[in-house]
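Here are my notes on the two-chain model. Please read them with the structure open.

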Amino acid sequence: MVVDLTKCQGYAQCAFLAPEAFRMVGDEALMFDPAPSADQRVKVLRAAAACPVQALQVDMADLPQQPPAEPLVAAKGDRLRRDGRIVIVGASLAGLKAAEQLRADGFTGTLTVIGDEPEEPYDRPPLSKQVQTGFVASADTTLPRRRDIAADWKLGVAATGLDLERKRVVLADGQEVEFDRLLVTTGVRARPWPVPEEAALDGVFTIRTRGDAAGLRERLLAHPKRVLVIGSGFTGSEMASVCVELGIPVTVAEAGPAPLSGALGGVIGRISAGIMREHGVDLRTHTKVSSLQGEDGKLRRAALSDGTTLDVDVAVVALGGIRNVEWLESSGLAVGVWGLACDAGCRAFTAAGLVTDDVFVAGDVARQPQPMFGYQFLAMEHWGNAVTQAEVAAHNMISSETDRWPHLEMPAFWSLQFGHNIKSVGVPPIADQIAITQGSVESRQFVAAYGYKGRVVGAVSWNQGKWLDFYQQLIEQAAPFPLPYDMTNPPPDPVPVPAEFPDRQYPGREATVVVTGHDPSERRATLVRPSRRR
Amino acid sequence: MTEPSVFDEIVDFHNRANPWPLYDKLRTQPVWQEADGTFVVSTFREIYALFHDPRISSDAANLLPEFAHKAGPLSDGGGALPPSFIRTDAPRHDTLRRIAMRQFGPPHRPDRIDKLVPALEAIVTRLVDGLVGKDQCDLVDDVAYPFPVAVICELLGVPEEDEPRFSAWVDPIVNSAGQPTPESKEQAKEAFQQLGMYMFQLAQRRKADPGDDMLSGYVTDDGPDGQLEGGDLFATLILLLIAGHETTVNLIANGWLTLLRHPEALQRLRTEPDFSIRMVEELLRYEPSVHFVPNRIAVADIEIGGTTIRKGHPVVLVLASGNRDGECIPHADRFDPDRADNVHLAFGNGVHYCFGAPLARLEAQLALTQLAKRLQNPRLLADPPPYRPSPVLRGPIHLPVAYDGVLPA
């Protein structure tokens, strides 16, 4: 089973009713075992039924027998829905959810799911949390199946190319798979340490896959002298928290001014830095790692830009991700470091900026205009976004123009670190100001709202997640910022201050396009890759 | 005399047995302003939104002076004790609730309720055994009431033999919550004093000779938030004692009534394993124990549902109406135990979400399953049955049932 922690508000009903499978951390953060033992079945069913926000998804094999649903019958003229061929490239959360949605919408044609990892779709958030603390085994994170998707799975084989004219996906083993509609859900991979020889040292980890997580867990179990975490975004901060929980000395090297400052700004970043230091983390801001040094192929030391050298035997590289688009580079689609651009209905753009009708994209790899946030093209690397965007893409793939949905989901994410539950809605990084609206920073129980030019664009809660629905509504209504009314639990200082986000650049700004042809019918745009530009 | 409002009719005892058509009428307008200045909220989305709206307070101190008399005595201590945590706002609410939770559930006592399941089974078995040798019973007096009372006594550490004493104090408190009058409020205040005194003596005994019960925990354990001091301890204990059984009585009695009105569901409960789990969830939606949350206050003007709720005015959230809102819930008037993604308002929502919800669910699942499996050919002797006076805690006061026999457990 899996818990949609974006929905979860920490009511703890599951932890009461099935305490072996669900654990509360603090007032409202939840850790769960995705594969509880068979003797827990009834308790887990009780937990799933009791969830006040229905965030718990149990595999269909464990659900009570349901009366058969009325079969959806495709309209006579709806050939695609009845016997079209759909290919999904990317067999993780978004790919699985899209496949389930296609079948739920009555798609009865052939469905092929292609993934470069050999495993069935699994859940990644636990890999940097309960897998590292030992509550859950990395192999137990397989995502539950909510319905029979009757797909042809091609796992352990990467897609290497796309031929749009012939509508074929080319695979690493030379196979070609034909499609009528294609969905790209290839996601993101961990950004490796940039020096290959140093990245190859034994003890240097990234954390994105089950294999990464299992290797790191094994190393942490062996009580390393010190762990170096490089980068303090969410993954880096969560890893630092895990080390503290396991009693392992940990240094965090952060090139910027504070942890989490890219996602939540400098004000929240300083709070986060304070919490890290209270827990004994050796946090070094404005500090880069100059080199990772080894002996006999094993990591031994790290030299930092502050002039110090640390003895470390494990380094976790948490420098964000790289979007998996290389296989699409010569496809003619609008791909680059920004991902694959698409419209609000998840239809991919060509390099020339035309919208395609048969290639769709969802999940971390998609970059989409966000009407609620100034129509900016944003990529939302959030669990909840992967689910909702996949569902919208799947629906649109088999629907006529007039039935299509826009993906207008409110971005939302969560992080659990140092016993604190951090949740956010909206797009804080576009904000210019932040104001504490409820509670107090000192008690570590507060909500803050983000404003941009006088309207609410985001919010973050620390151990106060039950209030976030209110802020989501404010964002959806483009409500004024700062909030012009009294509220319960007012903060000691409600005055807005600068949100202190690093300067943002649209990654597409660096794109180089060559345009050829003279007649409007002949005009073509081609993206030039940096490697080929030289 | 002005025409009674829809809400007046709902509160009117004559409509207790079947308020549902009135709730349909109420939902034609999401928010109503009553003649006395109270705002009544009827629709699912608006109720849900207000549960998460930080402009809604639970602290009676935020009422304008002209509404001060509206503060119900169920949980405000009746003037004898400080308000319990359900009548407070953060940060005080969060602290009091966290201390109370420390002896009840996760994260500090994660398996307290799970470990209680065998004891719950044993109590139900004993009560249903008591129906052997008769051909009819009052399901309220014989099962629905004594079961949760026995459970809350065991949990809190209140001797069960004291039940007649505290029920004599609880009744006036519950009665005055529904329709407060000067006399009923005076009786409630007196009852709070007596109950507080009783709890004080019990606390002294547990302090000297602690057991594994919650009361012993409250007087001996000292967590990061400290202990409940003085009046806060007694207010919390009384809240848990009252809320711990007054609502579950209704859930079980309403549940049994609903099952006898839906024989196919009763039959499935006998034969399908785990059927009780989703059935009770649907029951909570369809026949909730608490029909409305009467004690919220706006601390700012709130524009919602086409109306502006005024600062300082009382706000009533009609949970039972929201649970039948066809705009958000498909075929809302049908009792459908197979309902998927059953999100309902029976336990409220937001930070004041029902403290004892997991216990109530288990109690209803276990009691109704055992009744279904053991009572042979059960029949209602009165439909509708007679109801308790309260429009808030709504349920039968008696539920006479005939049966042919009782199977062994």
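**Notes on the predicted model**

1. Residues 24 or more positions apart supply 63% of the contacts in chain A, counting contacts with a separation of 6 or more. This is a predicted model, so please read every value below as computed from predicted coordinates.

2. Chain A has 12 helices and 35 strands. Its C-alpha trace spans about 65 × 60 × 55 Å along the principal axes. Does the radius of gyration of chain A agree or disagree with that of a compact globule? It agrees: a compact globule of 534 residues would come near 24 Å, and chain A has 24 Å. Of the 534 residues in chain A, 58% are buried.

3. Chain B has 16 helices and 12 strands. The box filled by its C-alpha atoms is roughly 60 × 55 × 40 Å, again along the principal axes. For the 409 residues of chain B, the compact-globule value would be near 22 Å; chain B has 21 Å, which agrees. Buried residues make up 62% of chain B. Among contacts in chain B with a separation of 6 or more, 74% join residues 24 or more positions apart.

4. Now the interface. In total, 44 residues of chain B are in contact with 38 residues of chain A. The two chains bury about 3500 Å² between them. Carbon and sulfur atoms carry 59% of that area. On the chain B side, B:His52, B:Pro54 and B:Asp114 lose the most area to chain A. Together these three account for 17% of what that side buries.

5. How many salt bridges does the rule find across the interface of chain B and chain A? It finds four. One pair to inspect is A:Arg41 with B:Asp274, which form a salt bridge. Their closest N and O atoms are 3.1 Å apart. Polar contacts between chain B and chain A come to 14 residue pairs, with both residues at pLDDT 80 or more.

6. Which elements of chain B build the side that touches chain A? Those giving two or more residues are α3 (44–51), β3 (56–57), α4 (92–102), α5 (112–115), α14 (275–286) and α16 (357–374). The most comes from α16(B), with six residues. By class, this side of chain B has 23 nonpolar, seven polar and 14 charged residues.

7. A residue to check in chain B is B:Ala61. B:Ala61 sits in the loop between β3 and α4 of chain B. Its relative accessibility is 64%, so B:Ala61 counts as exposed. From B:Ala61 to B:Thr369 the C-alpha distance is 44 Å, and the two are 308 residues apart in sequence.

8. In chain A, look at A:Ala393. A:Ala393 belongs to helix α10 (residues 383–397) of chain A. Is A:Ala393 buried or exposed? It is buried, because its relative accessible area is 0%. Neighbours within four places in sequence aside, A:Ala393 is in contact with A:Leu183, A:Cys346, A:Phe360, A:Val361 and A:Ala362. A:Arg523 lies 130 residues from A:Ala393 along the chain, and their C-alpha atoms are separated by 29 Å.

Terms used. Residues are numbered from 1 along each chain as its sequence is written. Chains are lettered from A and ligands numbered from 1 in the order in which they are written. This is a predicted model: local features need pLDDT of at least 70, side-chain atom pairs count only at pLDDT 80 or more; totals for chains, interfaces and linings use all residues. Side-chain values use heavy atoms; hydrogens and water are left out. Contact means heavy atoms within 4.5 Å. Buried area is the accessible area (1.4 Å probe) that two parts lose on being put together, summed over both. A salt bridge is a side-chain nitrogen of Lys or Arg within 4 Å of a carboxyl oxygen of Asp or Glu. A polar contact is a pair of N or O atoms within 3.5 Å; within protein, one must be able to donate a hydrogen and the other to accept it, and residues adjacent in sequence count only if both atoms are side-chain atoms. Helices (H or I, at least four residues) and strands (E, at least two) are DSSP runs, numbered from the N terminus. Ala, Val, Leu, Ile, Met, Phe, Trp, Tyr, Cys and Pro count as nonpolar, Asp, Glu, Lys and Arg as charged, and the others, Gly among them, as polar. The radius of gyration is taken over C-alpha atoms; the globule rule is 2.2 Å times the number of residues to the power 0.38. Buried means under 20% relative accessible area, exposed over 50%, partly exposed in between (1.4 Å probe, protein chains only).
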